[in-house]
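Here's a walk through a structure you can follow along with on screen. Have a look at it first, and then we'll go through it piece by piece.

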Amino acid sequence: MAIEIEKPSVGLSKVAVSETHGEDSPYFAGWKAYDENPYNESSNPSGVIQMGLAENQVSFDLLEKYLEEHSEASSWGEGAPGFRENALFQDYHGLKSFRQAMANFMEQIRGGRAKFDPDRIVLTAGATAANELLTFILADPGDALLVPTPYYPGFDRDLRWRTGVKIVPIHCDSSNNFQVTPEAMEAAYRCAESMNLKVRGILITNPSNPLGATIQRSVLEQILDFATNKNIHLVSDEIYSGSTFSSSEFISIAEVLETRGYKDSERVHIVYSLSKDLGLPGFRVGTIYSYNDKVVTTARRMSSFTLISSQTQHLLACMLSNKEFSENYIKTNRERLTWRYDMIINGLKNAGIECLKGNAGLFCWMNLSPLLEEPTRESELALWKVILNEVRLNISPGSSCHCSEPGWFRVCFANMSEQTLEVALGRIHKFMEQRRRN
Amino acid sequence: MRLVVPLQGVVQGRGGLIFGSLIPCALFYFLQLYLKRHRSPNSRSNPPSPSASAQNLAELTRTSSRSNLLSRGSIVPVLISSLATSISKPNDSPYYIGLDKASEDPYDRIDNPDGVIQLGLSENRLCFDLIEKWMLENLKDSMRGREEGDLSISGIASYQPLDGTMELKMAMAGFMSRVMGGAVSFEPSQMVLTAGATPAIETLCFCLADHGNAFLVPTPYYPGFDRDMKWRTGVELIPVHCRNTDNFVLSISALNQAFNQTRKRGTKIRGILLSNPANPVGNLLSREMLCDLLYFAREKNIHIISDEIFAGSIYGNEEFVSIADVVDSEDFDKSRVHIVYGLSKDLSLPGFRVGMIYSFNENVLAAARKLTRFSSISAPTQRLLVSMLSDARFIEEYMVTNKKRIRNMHDLFVAGLEGLGIRCADSSAGLYCWADMSKLILTYGEKGELELWEKLLHVAKINITPGSACHCIEPGWFRCCFTTLDKEDIPVVMERIRKLADTRAASRG
């Protein structure tokens, strides 16, 4: 009788034991430090201020007001006639009314400059799931996706962990404000080829995380041309599209396609979510919008693993199809984020710190390279540790975003009250003054 | 296309270096110039500079990649992955085809009396009135936070623990304990909550097995496992056949045989996947059998996944025993036992997407927790359910009424089938019965079974699931879900089957 003796206890899979979840990196170590000693205005004023979480808390009151005034969104009407159907509804197509509302909302964000067809929307439980799902669909295990650096640290996990797909970075640097260039894309492609990796697509985040800036139209055109030239896919993660400081500066890839008459659009897919723009990450609402019929069909089928609660779909369908609410929300949210951004940029400037010129997102990209002992990753991490332990701010080091230039840090400003932001700026000011004196 | 193919041959060196590089280079350069000149006037992109494009062309000719050459003018469509390609094919399983047909032309006693009667979806509609009543009386308060000042949105809008809130885990622990007769208590810290049981099972599979490994699964089994356990994990399911003579109860010798045969061909078995209560048969695993299975798993050093999603849908007199109960009471290695559960069946809320992994293995829990980021439960739903599940009086009333109503429907439905000479397997749980329709088959075998299925779907217009879709080794068995019906619809179903049976009997002789 065969008994396995190589392992005394029952084994786990490679996926389970792999480190690809990335939770041992500094990005997450900072979170642990915050969890252990979180700042609180009254009870723990010397605690760590969380500036590493890109969450939008500036417009909660608008959501609350809506829900107070529209109880039908949280319930199913008088006598709950729609409840039964809703509770049974597990169709992976998703509620038509919700898809329609999402399509409209996405159009509103883009100032009506692009149209979205509700039947091309696939719903997922968050953009995290959307990005992973798309990767399963566009690439085979062992293939590669090209991603411009610096990029959201979560991609290392979301795009690679269970899919077995690799990321090959497209290196960008501060000489041109970290914009993607055709040369950089070509270099990355060649790099992948030299490693015998088949490139299946390029994934961009627009507006960019962590840069906090939108991608210019000309660059989008170049990226689309590159993808067309290589016959690969283009995924545009537009999760921050509603968090731009002005409505005109954000150009969606959808608009570029519209201008080109949707020629060759079957390689383009957009990822969106309500976690950032609407400040509802707990609701787990993400979408894939694809111009490719096969991708829509397969993504829909695969979304069985990551469906959105029908209760939530119903609630959000009510809320987002209320034009008055959505228009007001988009406008007010923009204004408030702009205000916060100006506040932090000015505060940092007064402390002698420069940031990349940004126009979107819930964070700014701060340049601390003048403070580095040496222009190395180790120096950057040493500085990050000082900021975490002495200044007691959790900010994200550029190396965790795969930035090729050391010394840059992502600083979030929308996940706290204005008072807390003032406190954080005060601490930075003090820290910079001390350094100058020494 | 015809122009390009001979060029490719030239490029690959058959025409010599000059022809191999110069001619295609020149041709493509002129092609590009042509395309540039005829670009749409609306395009605001900067045309690539000649030196850059020449460099690109040189790149292209050096590589013999076909897709590069053909991408000019996009003659070849951009490819999707092999996984996606296989999923995009039209579904050929009767299980899914039947579901689609029934939803396209759904029976309604008044509005569509000739529609397809849906008996292929194991959904419980018998107790909605109770849930609706609870909603009406409690919803407003349930959506508000518990504490003072906990406003309705800010508590649930922000990032929650991805594997579920502690409040919901505690409420689920209490509910599961009640469902399983109070015989075992569940530890909230050993739970990982997911958006339905579907991702729970897939996530567990990702944690326990590598691509190419296998799980042993007793047949007949839920057709969805072929998707949930295999699609993205690359895992294989090895059927372990159970027979009518044993009332479709698993035998350890069959399990052993399947294990050895699979091992012989070099495939590694990582575990056994059980459904208890069983789907589609509806029988329960005895305490003794559970012990035997645990011994077997220990001997082979493999895992056991027990899908107990129908644990609260017991209508018979037999007592349900959870594997958690057995593992607690005897001295078994708990680290190999994992339970899947959810609220889709027992609480009739499939749309809300609430499932869980319950494990005794800390390493599995740690990995599964991280994987739940891809399938977390929506926060407003978590809050609503904490309220509902904590209402002990409501849950008690619901469970008692639910059991009664499922039993009534079961008895009526099975009696109806018996009246037609159709016998059902012994069962005491689930939302369905397992019916032997072999007498209605024209030619005994899988083909005959599928022919009967087709006639039932398109002529009699009832959607039931054929045994072959469930990998049953004996033809003629069908799963009939009866909890989506009203009592008044049962005679309609029986009449339609009778009509078809009569037609077949007449045509035969």
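Which residues of strand 6 of chain A sit on one side, which on the other, and are they buried or exposed? Keep that in mind while you turn the model, which is a predicted one.

## A strand covered on both faces

Start with the side chains. In a regular strand they alternate between the two faces of the sheet. For strand 6 of chain A, one side carries A:His233, A:Val235 and A:Asp237, the other carries A:Leu234 and A:Ser236, and all of them are buried. That makes five of five residues buried in this strand (residues 233–237), so the rest of the structure largely encloses it. The cut-off behind that word is a relative accessible area under 20%.

## Its neighbours in the sheet

On one flank you'll find strand 5 of chain A (residues 199–205), which runs parallel to strand 6 and is joined to it by five bridges. To spot the pairing on screen, pick A:Ile202, whose bridge partner in strand 6 is A:Leu234. Between these two strands comes helix 10 of chain A (residues 217–230), and the three elements make up a right-handed β-α-β unit.

Strand 6 of chain A also pairs with strand 7 of chain A (residues 268–273), again in the parallel sense, this time over four bridges.

Most residues other than glycine have a negative phi, and most peptide bonds are trans. A:Pro207 belongs to the loop between strand 5 and helix 10 of chain A. Chain B has a cis bond as well, from B:Asn279 to B:Pro280, with omega near 15°. There, B:Pro280 is in the loop between strand 5 (269–275) and helix 13 (287–300) of chain B.

Which residues other than glycine have a positive phi? A:Asn196 is one of them, with phi near 60°, and A:Arg392 is another, also with phi near 60°. You'll find A:Asn196 in the loop between helix 9 (182–194) and strand 5 of chain A, where its 73% relative accessibility makes it count as exposed. A:Arg392 sits in the loop between helix 15 (377–391) and strand 11 (393–394) of chain A. With 25% relative accessibility, A:Arg392 counts as partly exposed.

## Rings and charges

Over all chains, the count of aromatic pairs comes to 33. One of them brings together A:Phe116 and A:Tyr289: the ring centres are 4.8 Å apart and the planes are at 90°, so this pair is edge-to-face. These two come from distant parts of the chain, 173 residues apart, with A:Phe116 in the loop between helix 6 (96–109) and strand 2 (121–124) of chain A and A:Tyr289 in strand 8 (residues 286–290) of chain A. Both A:Phe116 and A:Tyr289 are buried.

For a stacked pair, go to B:Trp434 and B:Trp477, which count as stacked because their planes are at 15°, with the ring centres 6.0 Å apart. B:Trp434 lies in strand 10 (residues 432–436) of chain B and B:Trp477 in strand 13 (residues 477–481) of chain B, 43 residues apart. Both tryptophans, B:Trp434 and B:Trp477, are buried. Chain B also has an aromatic cluster formed by B:Tyr95, B:Tyr96, B:Tyr221, B:Tyr222 and B:Phe225.

Back in chain A, two charged side chains lie over ring faces. A:Lys230 is over A:Tyr189, at 4.5 Å from the ring centre, and A:Arg410 is over A:Phe363, at 5.0 Å from the ring centre.

## Chain B as a whole

Zooming out, chain B has 19 helices and 13 strands. Of its 509 residues, 59% count as buried. If you take the contacts in chain B between residues at least 6 apart in sequence, 75% of them join residues at least 24 apart. The accessible surface of chain B is about 20,900 Å², and carbon and sulfur atoms account for 53% of that surface.

Definitions and conventions. Residues numbered from 1 in each chain as written. Chains lettered and ligands numbered in written order. Predicted model: local features only at pLDDT ≥ 70, side-chain atom pairs only at ≥ 80, totals over all residues. Heavy atoms only, no water. Buried < 20%, exposed > 50% of the residue type's maximum accessible area, 1.4 Å probe, protein only. Contact = heavy atoms within 4.5 Å. Areas by Shrake-Rupley, 256 points an atom, 1.4 Å probe, with all protein chains shown as cover. Phe/Tyr/Trp six-rings, centres within 6.5 Å; stacked < 30°, edge-to-face > 60°. Lys NZ or Arg CZ within 6 Å of the ring centre and 35° of its normal. Pairing = 2+ DSSP bridges. Right-handed = clockwise from strand over helix to strand, strands pointing away.
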